[in-house]
Amino acid sequence: MVANTAKSVVIEGHCDERGTSEYNMALGQRRADSAMDAMVGLGADQARMTAISYGEEKPFDTGHDEAGWAQNRRAHFVEQ
Amino acid sequence: MRSTRNTFVSLCLVLFGLLLMPLTLKAEEVGEYIAIRKTGASRIAIVLDKTAAKGDKESAWANSLNATIKGGLDFTGLFNLMSAPLNIRNSQDGTLNLASIASVGGDIYAGGSVTKKSGKPVLEMQVFDASGKSLLRRNYSGEESQLRAIGLRFCADLVELLTGKRSVFGTKIVFISNRTGNKEVYMCDFDGENVVQLTNSRSISLTPTVSSDGNYLAWMDYTSGRPNLYIKNLATGAKVSVNKHGVCISPAWRPGTNTLVTTLSYQGDQDLYLIRADGTVERRLTKGGGIDVSPSFSPDGSKMAFVSTRQGGPHVFIQDMNSGQVRRLTYSGTYNTQPSWSPNGDKILYSSMQKSGEINIFSIGADGSGLLQLTSGSRNNEYPSWSPDGSMIVFSSTRDGKRKLYVMNADGTNQKPLLRMEGEQQQPSWSVNK
């Protein structure tokens with residue numbers, strides 16, 4: 001981000017499938033916001049980052065066990 | 001037999017008098033209104049006679065009306081439906097033998113005939129109690145294409161007559177389905193019939209809900225590349241967005257107003273905000289303390305139940321809309337979400353994730369008393385929503401594998417699938433019909 005000033009990034013917050021979807025949507029936002037705060041702490045420009053939540057809507061791993069859930073609790077960085 | 005029945009059903013006569021109605025009115029009323037209020041928990045034993053008809057056209061209408069009325073009354077879970085006994089009509093003159101109703105244990109008789117007037121169906125229905133007293137005699141008419149609506153109008157009148165309350169007939173349910181491969185908003189009738197797709201976002205649509213007057217639909221989707229809350233005027237089709245960055249989930253309309261409350265995070269925390277129907281923010285209702293989500297209003301709009309993590313795990317809290325005072329409602333369990341305040345104001349449903357990982361629906365008094373578990377042993381049961389008359393609850397469940405919609409009576413009995421539809425269905429919200 002610091003080296004590549006022309007690019008912006010969407011930080012997606014994701015959750016595992018456990019729990020209820022609206023609460024997970026809020027959790028995903030907190031996860032994305034935390035990741036963005038960490039990036040800002042490292043010197044990245046906040047104006048070029050957007051934090052959004054997908055809650056449990058976009059699982060990375062479709063497994064219904066801890067291994068799958070661990071994969072799904074994540075922040076995804078998408079270059080724009 | 002009679003005295004036993006009378007312990008279940010007490011008759012309370014309310015004479016409204018004879019109203020002279022112009023012949024042009026679609027539903028004529030003849031005779032007197034009599035409201036019967038159930039005092040017991042058992043169902044009303046009703047003898048439902050086949051609709052009489054002469055002629056091929058009329059017979060086809062009668063078959064359709066019979067199916068609608070039987071299905072409608074059965075759906076409510078209020079009735080024990082009985083076929084008419086063989087001796088329901090006197091063999092000599094064909095008149096009703098009302099004594100036969102009591103002989104088979106019926107409380108109520110309902111039956112009638114359909115005729116053709118100017119090419120259109122006219123359903124004439126009569127209702128008697130077991131003593132032979134006439135409770136209702138009314139005509140229902142409309143276009144041939146409206147046969148289902150004609151039958152359901154009689155069902156609505158019958159339930160109102162026998163319970164003194166409004167019914168589910170004529171109400172709608174909005175929900176999310178991924179039938180097309182994308183999650184879109186759909187609407188169906190109270191019994192799962194007449195499914196209509198309302199959005200074509202080709203993204204992820206979530207948490208649809210209709211305003212208490214039936215005029216507005218609110219939901220969120222990702223069509224703009226990020227989550228956004230949309231409000232659509234269902235009559236004009238005009239659509240506005242709330243357009244704040246961050247999360248925007250689980251809107252709930254404040255009864256009697258064109259304002260809604262939803263979770264936004266553009267000021268940092270996931271807090272609840274009051275939003276006007278034009279998409280602008282009126283005021284912020286909660287501040288700090290973690291996540292505040294999933295609002296649901298008391299019927300008078302003065303209080304709001306919602307989920308908050310202000311005291312650790314997610315629990316249901318109640319905030320007074322005027323004073324801003326907050327009290328915690330749920331103390332049982334560690335993960336309580338998705339409150340739904342009953343139209344009668346006395347109960348709040350919520351979903352609780354239990355130690356086993358299973359999610360179940362609970363009912364609790366608005367004062368925190370009378371905790372009752374409504375689902376169990378059937379995987380994840382979520383997102384309870386009351387019918388506008390407070391008699392039934394729609395929810396989603398994974399009890400048969402895929403997430404589908406189910407309904408149950410307010411006390412948790414009579415649980416059954418709502419509709420047959422491809423894909424998964426979730427987030428049902430029961431609403432009035434405009």
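**Figure 1. Salt bridges in the predicted model.** Over all chains the rule finds 20 salt bridges, a salt bridge being a side-chain nitrogen of Lys or Arg within 4 Å of a carboxyl oxygen of Asp or Glu. This is a predicted model, in which local features need pLDDT of at least 70 and side-chain atom pairs count only at pLDDT 80 or more, whereas totals for chains, interfaces and linings use all residues. Residues are numbered from 1 along each chain as its sequence is written, chains are lettered from A and ligands numbered from 1 in the order in which they are written, and side-chain values use heavy atoms, with hydrogens and water left out. In chain A, a network of salt bridges links Asp16(A), Arg18(A), Glu66(A) and Arg73(A).

**Figure 2. Helix α4 of chain B and its charged partners.** Asp157(B) and Arg138(B) meet through their side chains in a salt bridge, with 2.7 Å from N to O. Because Asp157(B) belongs to helix α4 and Arg138(B) to strand β8 of chain B, the pair ties together parts that are 19 residues apart in sequence; helices (H or I, at least four residues) and strands (E, at least two) are DSSP runs, numbered from the N terminus. Both Asp157(B) and Arg138(B) are buried, where buried means under 20% relative accessible area, exposed over 50% and partly exposed in between (1.4 Å probe, protein chains only). A salt bridge also joins the side chains of Arg148(B) and Asp189(B), at 2.8 Å from N to O. This pair links distant parts of the chain, with Arg148(B) in helix α4 and Asp189(B) in strand β10 (residues 184-189) of chain B, 41 residues apart. Arg148(B) is partly exposed, with a relative accessible area of 23%, while Asp189(B) counts as buried at 9% relative accessibility.

**Figure 3. The salt bridge of Glu382(B) and Arg403(B).** The closest N and O atoms of Glu382(B) and Arg403(B) are 3.9 Å apart in this salt bridge. Glu382(B) lies in strand β28 and Arg403(B) in the loop between β29 (392-397) and β30 (404-409) of chain B, so the pair ties together parts that are 21 residues apart in sequence. Glu382(B) counts as buried at 7% relative accessibility, and Arg403(B) is buried with a relative accessible area of 15%.

**Figure 4. Aromatic pairs in chain B.** A search of the whole structure gives 13 aromatic pairs over all chains; rings of Phe, Tyr and Trp (its six-membered ring) pair if their centres lie within 6.5 Å, and planes under 30 degrees apart count as stacked, over 60 as edge-to-face and the rest as tilted. Tyr140(B) and Phe154(B) form an edge-to-face pair, 6.0 Å centre to centre with 75° between the planes. Tyr140(B) lies in strand β8 (residues 134-141) and Phe154(B) in helix α4 (residues 147-163) of chain B, so this pair ties together parts that are 14 residues apart in sequence. Tyr140(B) and Phe154(B) are both buried. The ring centres of Tyr266(B) and Tyr273(B) are 5.2 Å apart and their planes stand at 35°, so the pair is tilted. Tyr266(B) is partly exposed, with a relative accessible area of 22%, whereas Tyr273(B) is buried, with 1%. One aromatic cluster is formed by Phe75(B), Phe169(B) and Phe190(B).

**Figure 5. The surroundings of Thr262(B).** Thr262(B) lies in strand β17 (residues 259-264) of chain B and is buried, with a relative accessible area of 0%. Not counting residues up to four places away in sequence, Thr262(B) touches residues including Leu229(B), Cys248(B), Ile249(B), Pro251(B) and Tyr273(B), contact meaning heavy atoms within 4.5 Å. A polar atom of the Thr262(B) side chain lies 2.8 Å from the backbone oxygen of Ile249(B).

**Figure 6. The interface of chain B and chain A.** The contact takes 33 residues from chain B and 20 residues from chain A. About 1900 Å² is buried between chain B and chain A, of which carbon and sulfur atoms give 61%; buried area is the accessible area (1.4 Å probe) that two parts lose on being put together, summed over both. In chain B, Tyr222(B), Ile291(B) and Tyr335(B) lose the most area to chain A, together 23% of what that side buries. The rule finds two salt bridges across this interface, and Asp269(B) forms a salt bridge with Arg30(A), with the closest N and O atoms 3.1 Å apart.

Technical notes: Polar contact = N/O pair within 3.5 Å; in protein donor to acceptor, adjacent residues only side chain to side chain.
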